Amino acid sequence: VEHSWWLRISPALSQITLTMTSTSNVAPGGLSKVGLCTAFLAIALAAAWMVTARSWGKSTSRKWHQGPEWERLFRVYDEMANDRYGNCESKLVPSGILVQGHDDKPGPRYTTQVHICGESSTESPVMMLHGASTNGLMYGDWLMPTLSKNRKSVAVDFPCDVGRSFPLEGDTNYCPQNASDVADWAIDLIEQLDMRKERVSLVGYSYGSFVSSQVALKFPDAVDKLVLFAPAAVFSPLKGEFLFRAITFGILYSLIPASWPKLLDGVRDWFFGWMMASGETLDWDSKEKDLRIACDEAGPAVLPTAPIVLNETELRAMNEANPTLLVIGEEEVVIDAQTSIEAAVAAGIQVKAYPKSGHMLVAEQPREDAISVVSSFLNQ
């Protein structure tokens with residue numbers, strides 16, 4: 001267990017275990033039968049790597065926010081946060097129930113990084129929840145400037161993801177353990193920010209859409225509206241090819257040494273570039289690329305549960321309590337776009353579908369149009 005190759009691959013294996021152990025709860029919902037097969041295939045790939053892997057003399061601890069990888073991420077993060085949220089209030093907020101730490105001193109289960117822009121108004125506040133293996137910076141030069149003009153707008157970093165939020169004592173054992181935990185984290189944060197009585201609208205992207213749906217289902221009276229961008233599950237199962245690529249990417253990135261940057265770039269483009277529509281190219285500026293690399297080196301994220309699919313009754317109840325907008329690309333690769341659109345329409349949910357667009361809507365053609373679509377929906 002002390003060998004560095006094991007420490008490098010164990011985070012990826014933990015994500016495979018999460019996927020596999022979650023299938024009994026979500027199939028045929030959040031994970032398709034093909035997805036189940038690809039997860040087995042990925043485990044076989046991981047086993048092959050474990051047999052042949054060599055020790056590169058560099059171990060990766062799962063102690064959150066410790067080590068040179070995290071120090072690099074913080075440097076990149078803080079520079080970008082200053083650019084995108086320099087005129088906003090950025091702070092760490094204690095959240096979650098008090099729990100007993102290793103030193104027998106109680107403390108908040110989570111400490112959550114928030115970026116608060118705009119002022120309270122007659123419009124409901126909005127909280128923006130990012131996708132997996134990223135952070136709240138993704139909204140800083142996209143939705144935040146427009147939405148914060150007429151409402152209090154908050155972008156957050158998930159605890160136990162690659163941002164500035166962290167669990168008690170940096171111990172990942174205190175990370176959210178299931179969907180109910182992550183919904184509790186969100187509602188407690190909403191209360192700490194004094195937004196529950198106003199009813200907050202939630203904007204989620206990918207895994208953040210799944211989290212938003214869970215908050216709305218558990219606490220409908222605290223939520224106003226929902227905007228679900230490119231959701232992970234929620235409306236239809238995760239695709240098998242996405243699972244295969246995601247797990248393979250995690251394994252390869254964990255094992256390839258930093259001294260092979262071109263190979264790492266190729267693996268990164270193989271995964272993230274594939275999530276864009278045909279004809280689109282992954283064109284990060286230097287700061288975005290630095291952030292992506294830093295996030296991948298510090299990660300992977302410790303996700304509480306595999307995202308699940310809601311049935312028609314749940315979707316309809318969610319929409320009736322909290323009017324919902326689905327924003328999706330017609331060339332989505334994480335879930336089936338047509339199935340998702342049909343499920344949303346059947347439940348009475350509004351849909352904005354973009355042709356020739358994939359999962360990376362934030363970087364594709366709909367990026368600018370989506371700003372006005374979301375703003376109009378929230379202002380209705």
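Tutor: Let's begin with Cys-160 and Cys-175, whose sulfur atoms lie 1.9 Å apart and form a disulfide, the term being used for cysteine sulfurs within 2.5 Å of each other. The torsion about their S-S bond is about -95°, so this disulfide is left-handed. The pair links distant parts of the chain, 15 residues apart: Cys-160 sits in the loop between β4 (153–156) and β5 (166–167), and Cys-175 in the loop between β5 and α5. Helices (H or I, at least four residues) and strands (E, at least two) are DSSP runs numbered from the N terminus. Both Cys-160 and Cys-175 are buried, meaning under 20% relative accessible area, with exposed over 50% and partly exposed in between (1.4 Å probe, protein chains only).

A word on the model: it is predicted, with pLDDT of at least 70 needed for local features and 80 or more for side-chain atom pairs, while totals for chains, interfaces and linings use all residues. Residues are numbered from 1 along each chain as its sequence is written, and side-chain values use heavy atoms, without hydrogens or water.

By the distance rule, the count comes to two disulfides. The other joins Cys-88 to Cys-117, with an S to S distance of 2.0 Å. This link is right-handed, with 105° about the S-S bond. Cys-88 lies in the loop between α3 (68–85) and β1 (89–100), while Cys-117 belongs to strand β2 (residues 106–117), so the bond ties together parts 29 residues apart in sequence. Its two ends are worth a look in turn: Cys-88 counts as partly exposed at 23% relative accessibility, whereas Cys-117, at 3%, counts as buried.

If you number the bonded cysteines in sequence order, the pairing reads 1-2, 3-4. Another cysteine to find is Cys-295, which counts as buried at 3% relative accessibility.

For the wider setting, look at the nonpolar cores, sets of buried Ala, Val, Leu, Ile, Met, Phe, Trp, Tyr and Cys residues joined through side-chain atoms within 4.5 Å. In the largest, of 66 residues, Met-127, Trp-185, Leu-193 and Met-275 touch the most other members. Helix α5 (residues 179–192) gives the most to this core, with eight residues. Apart from it lies another core, of 40 residues, including Met-80, Ala-230, Val-362 and Ile-371.
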